[in-house]
Amino acid sequence: MQTAKGKNTIIVSKPVQEETLCYHCGVSCANDHIHIGDKTFCCEGCKLVYEILNENGLCDYYKIQSHPGLSQIKPVRNDKFAYLDNEDIAQKLYKFTDGRNVIITFYIPGVHCSSCMWLLEHMHKLNKGITESRLNFTTKELRVHYNRELISLRQVVELLATVGYEPYISLEDAGKTRPKYTNKARIYKLGVAGFCFGNIMMMSFPEYLAPGTGIEEQYATLFRVLNLVLSVPVFFYSASEFFVSAWKGLKQKTLNIDAPIALALIITYARSIYEIGTGTGPGYLDSMSGIVFFMLVGRIVQDRTYSSISFHRDYKAYFPIAVNVVTLKGLESRSLQELKEKDVVQLYNDEIIPADSVLLDNTALVDYSFVTGESEPVRILPGNTVYAGGKLRGEQVRMQVIKPVAGSYLTSLWNHHAFGRNKEVQNSEHSIIHLLSRYFTYILLVLAGITALYWAMHDPAKVLPSVSAMLIVACPCALLLSANYTNGNLLRILSNNGLYLRDATVIEQIGKIDHIVFDKTGTLTQGSEEFATTGHQLSEDEKDWVYNMVVSSRHPYSQAISAWLGIRGLCELEQWTEIKGKGIEAYAGGNRIRVGSAGFTGVVTKGEKANVYIRINDEVTAFEILPAFREAIPGIMPELKKRYSLSLLSGDNSRQKNRLHELLGAGSELLFEQKPEDKLNYIGKLQERGHRVLMMGDGLNDAGALQQSNVGISLADDINNFTPSCDAILDARKFGKLPRLLKLAANGKHIITFSFGISILYNIVGLAISMQGHMAPMIAAILMPISTVSIVLITTGASTVMARRLGLSLKSGN
């Protein structure tokens, strides 16, 4: 036997070779064996797509953008979508059907360019049963209209998969439609408020421009009555959400930010009706309608960020909608909700394990990285338990269900008390805006009471004018507007730079953070891998032999070695044999070559074992597969260490511990082989010690920790694909901007405080004049719009300048 001797570890990347590019997807071709005329393809899948498009006159697809297709299209298993023939399952996916025509919406993860949009919107040319197809590029949702008499749902999906745009269909799709964040009612209210505000202002100009001489009485009366008519829909319709919110707060015995707003609107409207009715003045209808209009604009600006991203996802978005169940009649497709104990299911490579089960046959390799964080696939022997949420790697297997989805380990994580916390409500209740507005209202009411008491004793005729003027002039709209416009502009800037927040309260919570906890697998590391070899260094011939041994194997380690070696020339092998779960053996040029586990290759190890060993005669190469760190990590960690305490919680092993200590700093706490509940409890203990915690993760194993933390950020390589329920989603491509994004969000509080300080000065001046009974209605009517516009300009301008100083993009897509 041979012992693998330790030598200097060499990190090797995939060799770069000049190759012909695939005409369809742009991937390097190993050779020119697969071609049509002068067009070369990397695989039969890409060639098939080209043939389909060429036959149907759709080759303009390649003219819009070079190599637009998805790389190396995998052939679709014949029965993969057989479950869609089950009408009970199909009915759950329909958006509309009249028995003959069907409308359905698919999520297409592979959409990435204008060529994709062009092809998907010309699906009717591929099959006459499809009458229309429209793509929402932002959400990657394809809406398809088809005739059931000419094409079935299964055939529609198979057609999409064949041309490289396989839909992602999950259990969540069967339960409910994706939530829509566009508040159409608020848009309508804004339209009404804007129309009325503009016209009221126009008819108020005569009052402004001729304050001394006045205007003809009949015109003044007419304009005031028209203004009053126009104000009715503003007060009773457009402003209704402020009254509803204030009333809900009062029922909970609390004064929220909308309570003083509602009070000011009521007083303003009541005094305006009184003045117009008695002929003593024009009222404040222009100010009232302007306030409602600007506040609605501010809230809609915030709403825009949430239009295409879901922040509230659970395990159902990860699970398939149906599975293959083994019955006496053969395989039968059943929806996941119908799965019962003792059902036997058959799974194939890359499919999700639907429920906790016992493996019946073959040895299975299960990837639990998305559930536990463990990056290395786990080998499961027949008779052992496999858990829901794992992904099968390799050959097909059968397993017997011991717990349905509702009782699985994964579901128990979601049922943890952390998921019962309503973070939005908690954050809102502790918001500085609500706190300031509460004290503002108390102080205003006390001053109004003092003013009323004073004038009741000295000049009762001035009680109503003085008190009402105070309530109008001291309206806390400036505070609300400063918060709405600052947060709305910050949300826009943050989203343009890849950080999508659930709502504006998250901005304030980020400003309070003092500790950041990172997950490792999929967060600090990415899908690509680094390969480390120790021991014998392979010659070029030996690399050719090993490549030809592993290239046809479906084992993840074989595929990793193949990727490390790159595309190499063909050579002749003898007696090639693969023993499942152990390794591969073959002969080349009289040399015995074994690739596999230490036991299979006859290697005695000391300490930690490598992932796989390559043995050629008596020479041994130990091969380790290490998750590659994201490129941005070394650059951002020094910046984060200056402002926050850092920790790492990983479900993976400690093989990269030394490197992580270098990145996060010697004082950082690193914990490995952490279960999901361990992560959740760790964050809870930090919070008990007074820390405000930001958790950053990416998988189901992080879901509880993301929910428990004060701010949970889910890192996503595709922001529209599955991510756990969270407060924010960070585009992985923008990870390098994280320190600057957090700093900008934290500075939002200072902008709001500054603008509120300005509004306080305005209120002090206005209140001083009003308490003396000298505030003329015309002056109040002019001051309020000026205050509103100034606050809007200050808040948006300050946040924009701050973003520029931090080097952040102000435009989307940069």
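How exposed is arginine 148, in relative accessible area? I looked this up first. Arginine 148 is partly exposed, at 32% relative accessible area.

**Ground rules**

I note that this is a predicted model, where local features need pLDDT of at least 70 and side-chain atom pairs count only at pLDDT 80 or more, while totals for chains, interfaces and linings use all residues. Residues are numbered from 1 along each chain as its sequence is written, and side-chain values use heavy atoms, with hydrogens and water left out.

**The whole chain**

I looked up the secondary structure and found 27 helices and 31 strands. Both are DSSP runs numbered from the N terminus: helices are H or I with at least four residues, strands are E with at least two. The chain has 814 residues, and 53% of them are buried. I then checked contacts, meaning heavy atoms within 4.5 Å. Of the contacts with a separation of 6 or more, 69% are between residues 24 or more positions apart. The accessible surface is about 36500 Å², and carbon and sulfur atoms hold 54% of it. Such areas come from the Shrake-Rupley method with a 1.4 Å probe; for residues, only the protein chains shown count as cover.

**Salt bridges**

Side chains of opposite charge can pair when their charged atoms come close. I counted as a salt bridge any side-chain nitrogen of Lys or Arg within 4 Å of a carboxyl oxygen of Asp or Glu. The structure holds 20 of these salt bridges.

I went back to arginine 148. Its salt-bridge partner is glutamate 87, with the closest N and O atoms 3.2 Å apart. Glutamate 87 lies in helix 3, and arginine 148 in the loop between strand 8 (141-147) and helix 5, so this pair ties together parts 61 residues apart in sequence. Glutamate 87 is partly exposed too, at 30%.

Next I looked at arginine 154 and aspartate 85. Their side chains meet in a salt bridge of 2.7 Å, N to O. What does this pair tie together? Arginine 154 lies in helix 5 (residues 153-162) and aspartate 85 in the loop between helix 2 (61-64) and helix 3 (87-91), so parts 69 residues apart in sequence are joined. Arginine 154 is buried at 19%. Aspartate 85 is partly exposed at 45%.

I also opened the pair of arginine 334 and aspartate 343. Their closest N and O atoms are 3.2 Å apart. Arginine 334 is buried at 15%, and aspartate 343 is buried at 10%. Shared partners also join salt bridges into a network of Asp85, Arg154 and Glu158.

**Aromatic rings**

I found 12 aromatic pairs. Rings of Phe, Tyr and Trp (its six-membered ring) pair if their centres lie within 6.5 Å; planes under 30 degrees apart are stacked, over 60 edge-to-face, and the rest tilted. Tyrosine 23 and tyrosine 50 have ring centres 5.7 Å apart and planes at 90°, so they are edge-to-face. Tyrosine 23 sits in the loop between strand 2 (10-12) and strand 3 (35-36), and tyrosine 50 in helix 1 (residues 44-55), so parts 27 residues apart in sequence are tied together. Tyrosine 23 is partly exposed at 28%, while tyrosine 50 is buried at 8%.

I then read off phenylalanine 236 and tyrosine 269. This pair is edge-to-face, with 6.2 Å centre to centre and 85° between the planes. It links helix 8 (residues 217-238) to helix 10 (residues 258-278), 33 residues apart. Phenylalanine 236 is exposed at 59%, but tyrosine 269 is buried at 6%.

Back at tyrosine 23, I saw one aromatic cluster: Tyr23, Phe41, Tyr50, Tyr61 and Tyr62. The charged end of lysine 39 sits over the ring of tyrosine 23, 5.4 Å from its centre. The cut-offs are NZ of Lys or CZ of Arg within 6 Å of the ring centre and within 35 degrees of the ring normal.

**Helix 19**

Which residues of helix 19 are buried? In helix 19 (residues 540-550) I listed Glu542, Trp545, Val546, Tyr547, Asn548, Met549 and Val550. They pack against helix 20 (556-565) and strands including strand 21 (574-579) and strand 25 (612-616).

Note on methods:
Buried < 20%, exposed > 50% of the residue type's maximum accessible area, 1.4 Å probe, protein only.
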